[in-house]
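Please work through the following exercises with the sequence and the structure side by side, and try each task before reading its solution.

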Amino acid sequence: MKNYFLFFISNILIDNFILVKFLGLCPFTGASNKLEVSIGISFATTFVIFISTIILWCINFLILSPFDLVYLRIIVYMLIISFFVQFLETILCNTSPFLYRILGIFLPLITTNCAVLAIPLFCLYENYTFLESILYALSASFGFSIVMIIFSSIRERILLSDIPIVFKGSPIVLITISLISIVFMGFRGLIKV
């Protein structure tokens, strides 16, 4: 991988996990009602993705692969991700009860966010080096965060708008997601990685 900057930008705009790969849709649609909730869940997800990708890369290449235990990969990955989500939940409960209360049920649901598991697996299947895995985790989670914050901002504006009764609720949310996805697909072809 020669150009890390293009790799970083490509994962944010072109290969976005939510809008292109359609991973992480549950927190995207569920936690995007309010801007402060989406910012909190974005930072929490970014923290879990970043730390777990580093740890999982090390575990895979230092323990699982050398000892031919690759069949345990998914189980070990889920245990590590669950540990870091619980760790983050404990830290937020003790340091920021307000943020902990705002995130509510969405905080433990980071464990079941398919994007959190997919990022270390994509790093593995693409044979990324340690640095490439870190950049991939940062850029993918940053792209996740950007889309979450943009969509929650738009969704707050939608609640204040006069929308025909036919489009209220889920239809307008799905139409908005489709339009944002089309905008992000417009970046395809700009960067060749």
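**Exercise 1: the cavity lining**

Helix H3 (35-64) and helix H6 (114-125) each supply at least two residues of the lining of the largest cavity, where helices are DSSP runs of H or I with at least four residues, numbered from the N terminus. This is a predicted model, in which local features need pLDDT of at least 70 and side-chain atom pairs count only at pLDDT 80 or more, while totals for chains, interfaces and linings use all residues. Residues are numbered from 1 along each chain as its sequence is written, and side-chain values use heavy atoms, with hydrogens and water left out.

Task: Find which residues line the largest cavity, and sort the lining by class.

Solution. Begin with the term itself: on a 1 Å grid over the protein atoms alone, a cavity is a set of points where a 1.4 Å probe fits but cannot get out, and lining residues have an atom within 4 Å of a point. The count comes to one cavity of 30 Å³ or more, and the largest cavity holds about 50 Å³ of space, a volume being the space filled by probe spheres set on the points, which are joined across faces, edges and corners. Next, list the lining, which consists of Thr53, Leu56, Trp57, Asn60, Phe61, Tyr77, Pro120, Cys123 and Leu124; its largest share, five residues, comes from H3. Finally, sorting by class gives seven nonpolar, two polar and no charged residues, with Ala, Val, Leu, Ile, Met, Phe, Trp, Tyr, Cys and Pro counted as nonpolar, Asp, Glu, Lys and Arg as charged, and the others, Gly among them, as polar.

**Exercise 2: a salt bridge**

Task: Determine which side chains meet in a salt bridge, and state how exposed each partner is.

Solution. A salt bridge requires a side-chain nitrogen of Lys or Arg within 4 Å of a carboxyl oxygen of Asp or Glu, and by this rule there is one. The side chains of Asp15 and Arg188 form the bridge, at 3.6 Å from N to O. This pair links distant parts of the chain, since Asp15 lies in the loop between H1 and H2 and Arg188 in the segment after H8, 173 residues apart. For exposure, buried means under 20% relative accessible area, exposed over 50%, and partly exposed in between (1.4 Å probe, protein chains only). Asp15, at 22%, is therefore partly exposed, and Arg188, at 48%, is also partly exposed.

How values were computed. 1 Å grid on protein atoms, 1.4 Å probe; cavity = no way out; pocket = protein on both sides within 12 Å on 5 of 7 lines; lining within 4 Å.
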